Amino acid sequence: MIRHSPFGSGHPYSVDTDQRHPVDPVAGEPLALGVRSSAEVDAVTLQWDDGSGVREHPLIRTERRSRGQSVDGGHLASAQARLARAARGFSVTLTDLEPQRAYRYRFVGGPTGAPASQRTRWFDVRVAAWRSAPDDLVAADPQAGLVPGSVEVLDDGERLLRVRVALALAPEERVAGFGERFDSLDHRGAILDSVVFEQYKSQGAERKTYLPMPFAHVVGGRGWGFHVRTSRRVWFDVASSVADRLLIEAEVDEASAASRVIEIGAYTGTPHAVLDAFLNEVGRPEKLPDWVLRLWASGNEWNTQAEVMRQVDAHREQGIPVGSIVIEAWSDESTFHVWRDAQYTPREDAAPMRLADFTFPAEGAWPDPKGMVDELHDRDVRLVLWQIPLLKMRPHPRGQLRHDADAARRERVLIREPGPDGRLRPYRNRGWWFPLGLMPDLTDERAARWWTDKRRYLVDEIGVDGFKTDGGEHAWGRELHYLDGRRGDEANNTFPVAYAKAYGDLLRRSGKAPVTFSRAGFTGSQTHGAFWAGDENSTWEAFRWSLFAGLSATASGILYWGWDVAGFSGEIPTAELYLRSMAAAAFVPIMQYHSEFNHHRSPSRDRTPWNIAERTGDPHVLPGVRRLVQLRERLVPYLSEETTWAIDAGTSLMRPLFFDWPDDERLWSAPLQWMLGRDLLVSPVTEEGATAHTATLPAGAWVHAFSGESVTGGATHTAEVPWDEAPVYVRAASWPRLRAVFEG
């Protein structure tokens, strides 16, 4: 076997052995071409046809690379990836390609005794070149500050593939936003891009994100912001290469003679005004019920009804109120719409089931799901169930999953991809999680309804209150085909937006609020539910990365945001990290803890307060968490009121301080501070071992919330801070109204 995939796996940050790189060859740059082969292949030759004749180039053996994987990282990686790396790889590099010229090529090879016994089909390719273009090829609002003469396009003679443009940056201007970013608040001096990607842990170090947006605030100077109006990938060089330029390079797909290829919107005024204008364009958040503002609790080992109720009982016994429980490991891990251990007759037509179709054995994992939900509701606790937008195809599907997969093909509700022969077939997930799964096209209304109707009984009859819409990052590859005719380069980033919308619409059809809890998103996600920062370790560095993520996301219009308190993966956090993180989480829109599956090994890695207390032996944990969560309960009315204000004003509930004090340069020296609503300034402790903390305060009269001390702004303020407090400052004028929240 010899296999060449011109576009590779679609991994945005890695080159596969068997792909063409770059996918769109550029004159003056080398072109690498590769194949993967079965073990018996000893030699491979490239046959390159330039129109005047076919030339042969021998390939050299190279290390096999696939989907950026060299080790499995311990996270949901498949044997499929390891087997793929064991296959052989061959590659060759060409130079001196002529611009705007068409070529074709194929590969032949085989074992030593039959070196031409195997071959690929012919592949066509055109070579592009960069050229200058008129400024008006980019439809940029005048406020964007397009630098005259900076527009260039990558032109293959038939199509424009990319565009470059420069915007002017003044020396004092800082650039913030770009969706959820884990490494910094001010991105001046950085290079980043906008592509939805599942980076398992260390997002801050890798500078990759689940939730990008080609939108940013430019703070200081004249005060403005911009939005590159595209769902395709965009790269940003934020004064890294040129000190006074913001360089933008974006994928496009237009005829070479096109008069416009991309739009750049610009908005002027304060950061509040900039965000309001952006939200007017892409959609405003919708207010969710107040239970969303209470504590969320979950653990991946809460995989039985008995365990869930044991944890809920523990919350009550410990005096730690909980507003919602998220169950991840509830389903059969097959259909993801049937409870584990439920007995039923599979439906060959794959039509939606009703509760009456199931029997729940007393000895099963979930003997009475509806009874469990009813009891939770009686205790004023809501239930959120985990989801994944895939049909699991490994191991080979059986029973209801097989019928669902057959129906998905039959009903044509799947995203598709070209096969090795060039014909379209269902797309098979190329990511590491649930590899080779089929993916419904949830950007299509009919397909989304087909998918979500299978889950409707969970809402209508069992009473589920929301869905954790996990794993929206699985659409890889620009060559994917969506049902509306778009290709992957245009549609992949929009998939997680449509995913959350589909489940929100399901909840609305059942008369419930559209509570979704997503980690992936893009421009437009502002209108769809709540978000968390994804998978992260229990380290101080990850704590800081998560807060940067929240401030960047909320600056981009994400209203309901949170993270896994003190991290969800690996060994448990120290008591200090747990309490410091919990103290900060009490003052973000979503306060929630969660833990990764650990195969029920001992000692437990659950992030429950009682497990952290037992494992660390620290007597401060339980009373500290109790104090913080009870404070959060008293804070909910304020959060609800301020959420309404933020939505009406077109701003964010949680937001960096530059929103309200854009001209106070001092505040950038303490980036992990934020406003929560109009009256609370939060300055958490994020350094291990700190017993005192210095907050950098903007001008105004403030009151230290936990001591009642009056503080004059425009300066720093230092105070001793126990582990179960985050330094919070209340506007003095609002202190009489909010005092009871902190003294209760």
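The paragraphs below describe the cores and then an open sheet.

This is a predicted model, in which local features need pLDDT of at least 70 and side-chain atom pairs count only at pLDDT 80 or more, while totals for chains, interfaces and linings use all residues. Residues are numbered from 1 along each chain as its sequence is written, and side-chain values use heavy atoms, with hydrogens and water left out.

In soluble globular proteins, nonpolar side chains tend to be buried together. A nonpolar core is here a set of buried Ala, Val, Leu, Ile, Met, Phe, Trp, Tyr and Cys residues joined through side-chain atoms within 4.5 Å; buried means under 20% relative accessible area (1.4 Å probe, protein chains only). The largest such core holds 169 residues, and the members touching the most others are Ile325, Trp339, Met372, Phe587, Leu676 and Phe742. Helix α14 (residues 621-649) contributes the most to this core, with 13 residues; helices (H or I, at least four residues) and strands (E, at least two) are DSSP runs, numbered from the N terminus. A second, separate core comprises 32 residues, including Leu137 and Ile264.

The open sheet has five strands in the order β12-β21-β18-β17-β15, with mixed pairing; two strands pair if DSSP finds at least two bridges between them. Its edge strands, β12 (138-140) and β15 (174-179), each pair on one side only. Strand β15 runs antiparallel to β17 (residues 212-219), and five bridges join the two. Valine 175 has valine 218 of β17 as its bridge partner.

Key: Buried means under 20% relative accessible area, exposed over 50%, partly exposed in between (1.4 Å probe, protein chains only).
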